[in-house]
Amino acid sequence: MEVLDAATLNNLTSGTPGPGSDVLASLAVEEGQAVLVHISGAAGTMGDFTLELTNLDQFSGTQTTSLVFPAGDGPSKVAVGNLNADGIPDLVVSNFLANTVSVLLGNGDGTFQAPRQFSIGALKTTFVPGVDTESLAFRERRDVRLADLRGNGILDIVVTNYDSGDISVLLGNGDGTFQPQRRYDATPHPLGLAIGDVNNDGNLDIVVIDSSPANVPNNIAVLLGNGDGTFQAEKIFQEPNVLFLANIHLADFNHDGKLDLVVGGGQLNGVDFYQGNGDGTFTYKGQFPGSRQAADTAVADLNNDGNPDLILANYSEVAGATVLLGNSNGTFQAPQDFFSGQGPDAIAVADFGQRDRLDGPGTARRQAGPDPGQQRPVDGDRPAGRRAGYRRPAGHLRRRRL
Ligand SMILES: [Ca+2]
Ligand SMILES: [Ca+2]
Ligand SMILES: [Ca+2]
Ligand SMILES: [Ca+2]
């Protein structure tokens, strides 16, 4: 399939093979622009084609200041990374109603090509009283992460499957397509996901926390990576508290070269902190206070002092976000509340000021200090680490209009 300029017959875009025999093409057009679609094939050729036209004029109207791109049924979480080596960020969306991830390749102008769907593990889309212990509203999260699991420069997908009690790993081909999923058992009802080298063998590992049906304390599973995109069987330990909407992050908070673990979630008055032992196990060190019910947590060095800080999204508090500035020894300072507004259930961090400093919501994550777990791209293809010894005087987080 080719899309041609109707006046000059110049090629504007060509279709590329998608899943099955589908051929996909995507093009940004202007209002009134005429195009020709040329479909060709050998005798007996069969198949479908999908042509997606995006009208950028939608941006110009005051009534329509956002563009909506299709993904799959019930989009849950998004990961950003360059999947096809063109330098342009792409999107991976986990779909809780469709049991798929959608891959949307970026065009570089803020638009995305038509989504390609890849199968992942099951999530029931119904709620059966007496059988299902949590409503669909609490099960709909499917954490999705991008990481270079094989160290070959190609990003792979990891996503949690609540009802099938496993995670799906989809190895990337480097062209925006992915190999069929391989599933690994990971807690009875996995919800939150983190990736890093927790045993310092140079291979990325996966840590998963489950949800908490029936007020049973959460399980945390560690799956050690073999470095080739496969993983060893889960090793489970128990979180002392009961959390719904549980989320989990890895960073070296105390600068000992071993990744540590923070856990947030509903019903927890702050975050639980585990010190990493460097062998894939963790030692529970207690709780740091924050606002209640952190439905999501982000880790970033907000004040550029080299210590990772925590940003909590407060699901049921008036303060929208709470910041806990990290100390160098794996402890945190008193919580500071920012942004009013109730009920946020997701948060991310990026530098909106273009000054190489992290300011507020977005997606970047930078780890501080010597951090063997972050030598490869995680959560995209950003540089992931400051040099050992990098320090700036501690500062205050300034409130900033976003
Ligand atoms: Ca790309
Ligand atoms: Ca490892
Ligand atoms: Ca550590
Ligand atoms: Ca900091």
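Mentor: We will take the labels one by one and set each value against its definition.

Mentor: This is a predicted model, where local features need pLDDT of at least 70, side-chain atom pairs count only at pLDDT 80 or more, and totals for chains, interfaces and linings use all residues. Residues are numbered from 1 along each chain as its sequence is written, while chains are lettered from A and ligands numbered from 1 in the order in which they are written.

Trainee: How many helices and strands are in the protein chain?

Mentor: The protein chain has one helix and 26 strands. Both are DSSP runs, numbered from the N terminus: helices are H or I with at least four residues, strands are E with at least two.

Trainee: Why is Leu245 called buried?

Mentor: A residue is buried if 20 or more other C-beta atoms lie within 10 Å of its own, exposed if 12 or fewer, and partly exposed in between; C-beta atoms are placed from the backbone. Leu245 has 24 other C-beta atoms within 10 Å, so Leu245 is buried. Its place is in strand β19, residues 244–251. Across the protein chain, 46% of the 402 residues are buried.

Trainee: And what makes Ala85 partly exposed?

Mentor: Ala85 has 13 C-beta neighbours inside 10 Å, so Ala85 counts as partly exposed. Ala85 lies in the loop between β7 (75–81) and β8 (90–95).

Trainee: What is the phi of Ala85, and what is that of Leu245?

Mentor: Ala85 has a phi near 60°. Leu245 has a phi of about 50°. Both values are positive, and neither residue is a glycine. Most residues other than glycine have a negative phi.

Trainee: How do you know that β7 and β8 pair?

Mentor: Two strands pair if DSSP finds at least two bridges between them. Six bridges join β7 to β8, and these strands run antiparallel. Ala79 stands opposite Val92 in β8.

Trainee: Which strands make up the open sheet of four strands?

Mentor: The order is β7-β8-β9-β10, with antiparallel pairing. β7 and β10 (116–119) stand at the edges because each has a single partner strand. One side of each is therefore left without a neighbour in the sheet.

Trainee: Which residues does Val207 touch?

Mentor: Contact means that two C-beta atoms, placed from the backbone, lie within 7 Å. Leaving out residues up to four places away in sequence, Val207 touches Ala194, Val198, Ile220, Val222, Ile248, Leu250 and Leu261.
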